[in-house]
Structure formats: C-alpha cells, structure tokens
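Let's take a walk through this model together. Have the sequence and the 3D view side by side, and turn the view as you read.

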Amino acid sequence: MSDRIVSATRDIAAPADTIFELIADPARQPEWDGNDNLAIAAPGQRVHAVGDVFRMTTTQGKDRDNHIVEFEEGRRIAWKPSAVGEPQPGHLWRWELVPNDDGSTRVTHTYDWSQLTDEARLQRAQWTTSERLMASIDRLAAAAEVH
C-alpha cells in the first residue's frame, strides 16, 4: 500500500444497514467525523448511486461538492471532494462494510490521496492518518451501537 493511502478497520456491534445510513446521509456525517473537518450538510442529500453529488460545509466555512464514485447500498461508498464548480483534485474517501456472522460489521475507512494533484492540499492530506480515520470509525460506532 502506498504511503498516500491510509486506512483503519474495526468491528462495530451494529448491522451494516444501520452504519451505512449514518455514512450515506451527509447531514449525519458531522456527528462522527474524526477529522473535525465537517461542519454541516443540508438534509435531504442521502446518496443512492454513483454520480450523485452532495454538498458539505467544512469547519473552515468552505463548501465542498462530494462526487460519488463507488456505491453499493449497505456495503460500499466512496467520494471525491472538490471545491464547488471546480475539478476534483484527486483524493478519495471510501467506506467498506462487511457483515459478520454475529450481527456486527467489519468497517474499513480509507483515505486515498495517491492521485492528489493540488499542491496546496498535500500538507492537509498528510495530516489525515490512520489514527484520525479510526477516530471516525470509533465515533461512528458510538452513534450506531445500541447498548
């Protein structure tokens, strides 16, 4: 794996469909974002297919369009962010969910910046570590697990 592809994996004690809803609905993403980068997204942007685009406002007040490039309902979703109306600079966020026999779900979160072309974004990309990705998974688990 390239040093420009980081990921984290853990099991969450919740069904894949429950977890996927938290990821595929952008309005829910700021609740569990371990990078503390997401401020708000308008409701009603639930993702359904490759080609969908959802808009998110970052904690820095910048709007980002997120272009869905991979999608399998309940199992996999990936998007490439860009500034509104601008080309995608080449980084990708991916979530993969695999149901376990015990009702839990193996969740893998990946940040791939191997195709990132925007020099201004390189430092921020390097800041996104597997520990920060795991923080998102941990927060996602707290939101999804019923205790």
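Is Asp 36 buried, exposed or partly exposed? Asp 36 is partly exposed, with a relative accessible area of 48%. For these words, buried means under 20% relative accessible area, exposed means over 50%, and partly exposed is what lies in between, using a 1.4 Å probe and protein chains only. You'll find Asp 36 in the loop between H2 and strand S2 (38–40). Helices here are DSSP runs of H or I with at least four residues, strands are runs of E with at least two, and both are numbered from the N terminus. Asp 36 has another point to look at: a positive phi of about 50 degrees, although it is not a glycine. Most residues other than glycine have a negative phi.

Before going further, a word on the ground rules. This is a predicted model, where local features need pLDDT of at least 70, side-chain atom pairs count only at pLDDT 80 or more, and totals for chains, interfaces and linings use all residues. Residues are numbered from 1 along each chain as its sequence is written, and side-chain values use heavy atoms, with hydrogens and water left out.

Now step back to the whole chain. It has four helices and seven strands, and from the N terminus on they run β-α-α-β-β-β-β-β-β-α-α. The C-alpha atoms fill a box of roughly 45 × 35 × 25 Å along the principal axes. With 147 residues, a compact globule would have a radius of gyration near 15 Å, and the chain's 14 Å agrees with that; the radius is taken over C-alpha atoms, and the globule rule is 2.2 Å times the number of residues to the power 0.38. Buried residues make up 46% of the 147 residues. As for contacts (heavy atoms within 4.5 Å), residues 24 or more positions apart account for 48% of those with a separation of 6 or more. The chain exposes about 7,500 Å², and carbon and sulfur atoms supply 47% of it. Such areas come from the Shrake-Rupley method with a 1.4 Å probe; for residues, only the protein chains shown count as cover.

Next, follow helix H4 (residues 130–144). H4 has 15 residues and reaches 21 Å from its first C-alpha to its last, close to the 21 Å expected at 1.5 Å a residue; that expected span is 1.5 Å times one less than the number of residues. Leu 133, Ser 136, Ile 137, Leu 140, Ala 141 and Ala 144 are buried in H4. Seen down the helix axis, these buried residues fall within an arc of 140 degrees, so they line one face of H4. The arc is that of the directions from the helix axis to the C-beta atoms. What do the buried residues of H4 pack against? Their partners are strand S1 (5–12), helix H1 (16–24), H2, S6 and strand S7 (105–112).

Val 107 gives you a view from S7, the strand that holds it. At 0% relative accessibility, Val 107 counts as buried. Leaving aside neighbours within four places in sequence, its contacts include Ala 8, Ile 19, Trp 95 and Ile 137.

Trp 95 also belongs to one of the structure's four aromatic pairs. The rings of Trp 32 and Trp 95 have their centres 5.1 Å apart and their planes at 85 degrees, so the pair is edge-to-face. By the rule used, rings of Phe, Tyr and Trp (its six-membered ring) pair if their centres lie within 6.5 Å; planes under 30 degrees apart are stacked, over 60 edge-to-face, and the rest tilted. This pair links distant parts of the chain, with Trp 32 in helix H2 (residues 29–32) and Trp 95 in strand S6 (residues 92–99), 63 residues apart. Both Trp 32 and Trp 95 are buried.

Finally, look at the loops around helix H3 (122–127). Thr 128 lies in the loop between H3 and H4 and, at 5% relative accessibility, counts as buried. Beyond its neighbours within four places in sequence, Thr 128 is in contact with Val 6, Asn 35, Trp 93, Tyr 111 and Leu 133. The loop between S7 and H3 holds Trp 113 and also Glu 119. Trp 113 counts as buried at 5% relative accessibility, whereas Glu 119 counts as exposed at 63%.
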